[in-house]
Amino acid sequence: ELATLSRYDDRQSICEELEAIPKAYLAWIAKQEEDIQQEFGDESGESRSLLAAAQRNLSICRGQSARISSGIAALKETDMLWRAFVLANTAMRMAMIRSRPDAQGEPAWFPFQLAFVLLSMQSTVDHTHSERELLDLIWFPTGGGKTEAYLGLSCVVMFYRRLAADGQESGSGTAVLTRYTLRHLTMQQFERTARV
């Protein structure tokens, strides 16, 4: 729930709860490894090729899990990033409540949304980060929550820039560019962005 992630003073317990994300992801990866070994573990040439491709993909998945864990560690260690993360969750919660006033229950992230924010935020706020050149793409069906994921990351970036500037002009200006190719979608996404 975003209400939980908006509690500034609960840093340790929130970070401990967030660690469930990479743990669950690693468990899923282990299950996939087991399944592909059973499916493609024979000695045929085609099976070896498919097994190698699957193992490469799962190696990438392990790297993403490590990035999520690194993001959680950064929240534990970096006061300014923690504050930006909490403020971003507060802003997203308020926007979600405003956009769905009749919805039941507290707004919550889908696991992939929160994972995206956690794995991307360090390289997005730190221009010298080793993963700065990576492009993280969210590939998900329409209506699946991509917009909230990148708005969440955008909020972290905007709050972090303002906090890092400490009242100086360097924290202002353009922080995020968004481009849509369909006019109706552009207007709808602009409204959602403005609400946040």
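I take buried to mean under 20% relative accessible area, exposed over 50%, and partly exposed in between, with a 1.4 Å probe and protein chains only. The model I am reading is predicted, so I note that local features need pLDDT of at least 70, that side-chain atom pairs count only at pLDDT 80 or more, and that totals for chains, interfaces and linings use all residues. Residues are numbered from 1 along each chain as its sequence is written, and side-chain values use heavy atoms, with hydrogens and water left out.

**Overall.** I looked up the secondary structure and found 8 helices and 0 strands, where helices (H or I, at least four residues) and strands (E, at least two) are DSSP runs numbered from the N terminus. Buried residues make up 34% of the 196 residues in the chain, and the C-alpha atoms fill a box of roughly 65 × 40 × 35 Å along the principal axes. Taking contact as heavy atoms within 4.5 Å, I noted that 75% of the contacts between residues at least 6 apart in sequence join residues at least 24 apart.

**Helix H2.** In H2 (residues 11-18) I found Arg 11, Ile 14, Cys 15 and Leu 18 buried. They lie on the same side of H2 because they cover an arc of only 100 degrees around the axis, the arc being that of the directions from the helix axis to the C-beta atoms. On the other side of H2, Gln 12 and Glu 17 are exposed.

**Helix H4.** Leaving aside neighbours within four places in sequence, Ser 65 is in contact with Pro 22, Tyr 25 and Leu 26. Gln 55, also found in H4, is partly exposed, with a relative accessible area of 40%.

**H5 against H7.** The axes of H5 (residues 79-99) and H7 (residues 146-165) come within 8 Å and cross at roughly 135 degrees; axes are lines fitted to C-alpha atoms, for helices over the stretch in contact, and angles run from 0 to 180 degrees between N-to-C directions. I therefore record H5 and H7 as oblique to each other, given that angles under 35 degrees count as roughly parallel, over 145 as roughly antiparallel, 65 to 115 as roughly perpendicular and the rest as oblique. Among the residues making the contact are Phe 85 and Met 92 of H5 and Phe 159 and Tyr 160 of H7.
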